[in-house]
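Please look over the model below before reading on. The paragraphs that follow lead from its helices and their charged pairs to its surface and its pocket.

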Amino acid sequence: MTEDTKKRIQIKIDRDLDSNVNAVFEELGLNPSVVVTALYRRVAAEGRIPFDFKLTDDEKARIDLARSAYNSNIPVLSDPQKIEKYLAEDDEDED
């Protein structure tokens with residue numbers, strides 16, 4: 001394939017994600033161009049994305065936990081004096 005038949009694509013991606021993925025590519029003897037080309041070929045051949053876009057069970061659990069914490073009545077306290085007061089109020093309720 002000559003340079004005239006190739007097209008350059010550019011994307012922006014999180015630096016940490018890029019670093020983590022490139023470490024895997026390096027271990028496999030690959031580079032981003034090879035992987036993206038393989039993905040494009042598979043999409044062209046199958047007429048679909050060759051993997052599911054879905055959350056893992058761990059990702060779903062983290063989202064559920066975060067949603068539960070967000071929807072709870074637990075106040076967000078960052079001031080040490082407010083934290084102490086909040087905890088003292090809990091102790092008073094037990095008496």
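Helices here are DSSP runs of H or I with at least four residues, strands are runs of E with at least two, and both are numbered from the N terminus. The model is a predicted one, in which local features need pLDDT of at least 70 and side-chain atom pairs count only at pLDDT 80 or more, while totals for chains, interfaces and linings use all residues. Residues are numbered from 1 along each chain as its sequence is written, and side-chain values use heavy atoms, with hydrogens and water left out.

Side chains of opposite charge can pair when their charged atoms come close. A salt bridge is counted where a side-chain nitrogen of Lys or Arg lies within 4 Å of a carboxyl oxygen of Asp or Glu, and the whole structure holds 4 of them. In helix α3, which covers residues 57–71, Lys-60 and Asp-57 stand 3 residues apart, about one turn of the helix, and they form a salt bridge whose closest N and O atoms are 3.5 Å apart. Further along helix α3, Asp-64 and Arg-67 are likewise 3 residues apart, about one turn, and their side chains meet in a salt bridge at 3.5 Å, N to O.

Exposure is described by relative accessible area, where buried means under 20%, exposed over 50%, and partly exposed in between (1.4 Å probe, protein chains only). Asp-57 counts as exposed because its relative accessibility is 62%, whereas Lys-60, at 40%, counts as partly exposed.

In helix α2, Glu-46 and Arg-42 are 4 residues apart and so are separated by about one helical turn; their side chains meet in a salt bridge at 3.3 Å, N to O. Arg-42 and Glu-46 also belong, with Arg-48, to a network of salt bridges.

Helix α2 (32–46) also contributes to the largest pocket, a pocket being an open set of points on a 1 Å grid over the protein atoms alone where a 1.4 Å probe fits, with protein on both sides within 12 Å along at least five of seven lines, and its lining residues having an atom within 4 Å of a point. About 1,000 Å³ of space lies in this pocket, the volume being the space filled by probe spheres set on grid points joined across faces, edges and corners. Of its 22 lining residues, the closest to the centre are Ile-9, Pro-32, Ser-33, Val-36 and Thr-37, and α2 gives the most to the lining, with 8 residues.
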